[in-house]
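Subject: Structure handover

Hello,

Here is the structure for your files. My notes on the side chains follow below.

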Amino acid sequence: MIILGVIIAIIIVVVVVLAVNVKPPAPTPPPGGPGDQMHQDETPDDEGDDFTGIALDVDGANRKDGFYTFLIAGTDQSGGNTDTIMVGAYDSINKKINIVSIPRDTLVNTNWSVKKINAAYSRGGIDGLKKEISKIMGFVPDSYAVINLQAFEELVDAIGGVYYDVPVDMHYKDPTQDLVIDLNKGPQQLTGKQALGVMRFRSGYRDADIGRINTQQDFLMTLADQVLSVGNVTKIKEIADIFSKHVETNMLWGNMVWYGTEFLKLGDGAIQFHQLPADTLATIRGGSYVSIYLNEWLEMVNTMLNPYEKEITTADVNILTKTKSGLHSTTGNIAGGEDSFLNYYELTGRPDPEAQQPEEPIVDPENPEGTDPAVPGTPGEGTTPPEGGTTTDPGTEVTPPEGGETTDPGTELPPGEIPPDGILTPGEEVWTSPSDLETYEEPAA
C-alpha cells in the first residue's frame, strides 16, 4: 500500500512533466518448465534445492483479461531481510484489489539452516525473493517494488505526518538497531520516525508478527488515504523524488501512471487485505516457523491472485509444511534434508522435548515382581550361567561350567583372554557370553 499511495500521488507530475507513455505493465511470461532459468537456484546456500521450475501449462493466451499481479516488500534496518512482504492482484475489469500478507517466518523449502522467507532477499536479491514467492504461489508476479525504511520515513514527513489511532502501547528499545519506539495507545499525529515505529513494533501483541501485520495493513490504508488528499498535490514532486531514490522496481514510469490512474477509479471497499492461511505457532528443532495450510492457501491463490485461467495445484508449487506427523513437501523432497534445520535446542542449551527418551521397562503381567522362574521366590532377574553351572541369587558368586573357581559376578573378561594360571579366582573377571566360554580350559591338577 505504500507504493500504491506513492504511485497515485505522482500521477500529475509524471504526466505533465515527463509526458510518458501510459500503459499497463507487461504480464510476466509463465515459466517455461524445467529449463526455465528464472527458477534455477543460483544462490550459493541453495545448492541442495533441486526444484527446477513450475510447469504451468499456460501461455500468454491463457491469462485472465485485465488481471495484474504484484509483489511489495519492505526491508529491515540493515536493508537485508524483508520483514514486510505482500503479494497482490488488481482485477481491472471488476475494479478490485486483493493483497495478502506473507509473514516473515513463513517456512520455505530451501537448504538454508533457517528456512524463513524473510531471508530470501538478503541471500539472492530481488530474483531470490521472486523465486521463493513463485514456489509458494505457482507463478511469478508481474510487478515488484522493494522499499527501504528511509523511503517510508521520508514519505510520511513529506506529507506532514499521518494522523493514526495507535492500537496498543508501544514501548521498545534496541540499541543495536538504533531503534526507540515510545508511543502510547490512542489517536495522534505521527512523524515519519514514529510511523516507522508503528510498522516495526511487534513485541506487545499476543500473536507477535501476526498482530503487527494487522496493524501494518490498517496503517497503510490510512497512509494511502492521506497521501491522496488534495492538500498533498503540491508535494507531488517531493514524493516522486523519494520514490525514485529509495524504491527498487521493474515498473516503468508509464506503468506506474497507469496503475495510479486505475486506482483513482476504485470505490470504497475495493481494496481488501488478507493473511496467509497458516499455522503461526509451528516449531522445528526449537525454532519458530509459520507453516502454510496448503489447501486453504491454494484456494486463496486461485480465488484472488492467480492471473491464469488454469488453476494452480500442488503440482505447480514447492511448499514445505510442518504438521504433527512431521515435515511434508509437495515435491516429495525436503531441501537439505530434515537435519539441515538449525537446532535451537543445541544453540540455546534448552532440553529438546522431541529427543528420544529412555524406554520404560516392560512389565510381565504374569510376573510383575520380576521373579526368575528358575529360582522360585527369588526377586530380581536371577543369574543362570550359560551351558551349565549353578544358578545363584543376584549379587552372589557364579560357578563356571565344567568346573573351575568362582568369581565375582557381573564382570566381563575380553574374549580370548584367560588368566595365566588358568584359574579364575575371586576378584577376577568372568565370561558372560557362551561363545567366550568355549575357550575355557579346566586347570591342571
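First, a term: a charge sits over a ring if NZ of Lys or CZ of Arg is within 6 Å of the ring centre and within 35 degrees of the ring normal. Arg63 lies over the face of Tyr308, at 5.6 Å from the ring centre.

Some ground rules. This is a predicted model, in which local features need pLDDT of at least 70 and side-chain atom pairs count only at pLDDT 80 or more, while totals for chains, interfaces and linings use all residues. Residues are numbered from 1 along each chain as its sequence is written, and side-chain values use heavy atoms, with hydrogens and water left out.

Now the aromatic rings. Rings of Phe, Tyr and Trp (its six-membered ring) pair if their centres lie within 6.5 Å; planes under 30 degrees apart count as stacked, over 60 as edge-to-face and the rest as tilted. The structure holds 4 aromatic pairs. One of them is Tyr164 with Phe219, edge-to-face, at 5.0 Å centre to centre and 85° between the planes. This pair links distant parts of the chain: Tyr164 is in strand S5 (residues 162–166) and Phe219 in helix H6 (residues 209–227), 55 residues apart. Helices (H or I, at least four residues) and strands (E, at least two) are DSSP runs, numbered from the N terminus.

Tyr164 has 4% relative accessibility, so it counts as buried. Phe219 has 0%, so it counts as buried too.

Tyr289 and Phe341 also pair edge-to-face, at 5.8 Å centre to centre and 85° between the planes. Tyr289 lies in strand S12 (residues 287–292) and Phe341 in the loop between strand S14 (326–329) and helix H10 (344–348), so the pair ties together parts 52 residues apart in sequence. Both residues are buried.

Ring pairs also link Phe152, Tyr164 and Phe219 into a cluster.

Last, Glu262. This residue lies in helix H8 (residues 253–263). Glu262 is buried, with a relative accessible area of 7%. Its side chain makes a polar contact of 2.7 Å with that of Tyr90, and one of 3.0 Å with that of Lys95. (A polar contact is a pair of N or O atoms within 3.5 Å; within protein, one must be able to donate a hydrogen and the other to accept it, and residues adjacent in sequence count only if both atoms are side-chain atoms.) Leaving aside neighbours within four places in sequence, Glu262 is in contact (heavy atoms within 4.5 Å) with Tyr90, Ser92 and Lys95.

Best wishes

Methods: Buried < 20%, exposed > 50% of the residue type's maximum accessible area, 1.4 Å probe, protein only.
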